[in-house]
Amino acid sequence: VVLAGIGIGLAIVLSGGGNSVSSTIPTIGNAATGLPGSTDIADQLKGVPQTGMTLGSPNAPVTLVEYIDLQCPICREFETTVMPDLIAKYVKPGKVKVEARVLKFIGPDSERGRNAMLAAAEQNKAFNFSQVLYANQGTENTGWLTDDMIGQIAASVPGMKVHDLLTARNSSTVKTQGAKFDTQGAADKVPGTPTLYVGPSGSKGTVVTLKSATDEQSVVDAITQALP
């Protein structure tokens, strides 16, 4: 790993695949100079607590568990249309917390994305990372999620330490957590993504049957039923 010696850029050459991160990518993320949608996402998540792969107050009475694949176009539609409303109406007010469990159903870029999101979680910025990724998602299984693209996404998150993320995504901790998601997904017999569970915090919750990728009402109904 080699840090650029001049300015704010960094250049990283990673073993395997021959991908590299452009020297023009900042070492600290900034939404104002980031990928499309970065500023709106930063505003959407501003002030919302994040701890690892959980978004929202740890004391929220309801938990929404989402099984997602970062390459999944249906997930992208849900995350970019429904999730912003859920965050504004339920997560920000402290009623609901969201727990993300990321799977790798579709292909290699799914795992690369998961590893990067888990690395972002170490900086408590996982949801910023995933939302920017979804806003700029490429066509599945085309190799679109290169090292450089991961670097660009990370650099679009305010305050993200880009170099730390790029290093952490290859750690044993990240791989162990990814394997845990796979085990949880298998135990829950997750048929595809997105798969959602909603229930009182501390319980497993009930599966929400989505009628479409933009079916917000079914999620709202499940949250309403679970709220005390």
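User: What order do the strands of the open sheet have?
Analyst: The open sheet has six strands in the order β3-β4-β6-β5-β7-β8, with mixed pairing. Strands here are DSSP E runs of at least two residues, helices are H or I runs of at least four, and both are numbered from the N terminus. Two strands pair if DSSP finds at least two bridges between them. This is a predicted model, where local features need pLDDT of at least 70, side-chain atom pairs count only at pLDDT 80 or more, and totals for chains, interfaces and linings use all residues. Residues are numbered from 1 along each chain as its sequence is written, and side-chain values use heavy atoms, leaving out hydrogens and water.

User: In which sense do β5 and β6 pair?
Analyst: They pair in the parallel sense over seven bridges, with β6 covering residues 96–102. Threonine 63 stands opposite lysine 97 in β6.

User: New topic: how many aromatic pairs does the structure hold?
Analyst: One. The ring centres of tyrosine 67 and tyrosine 197 are 6.3 Å apart and the planes meet at 70°, so the pair is edge-to-face. For Phe, Tyr and Trp (its six-membered ring), centres must lie within 6.5 Å; planes under 30 degrees apart are stacked, over 60 edge-to-face, and the rest tilted.

User: Where in the chain are the two tyrosines?
Analyst: Tyrosine 67 is in β5 (residues 62–68) and tyrosine 197 in β7 (residues 195–200), 130 residues apart.

User: And is tyrosine 67 buried or exposed?
Analyst: Tyrosine 67 is buried, at 0% relative accessibility. Tyrosine 197 is buried too, at 7%. Buried means under 20% relative accessible area, exposed over 50%, and partly exposed in between, using a 1.4 Å probe and protein chains only.
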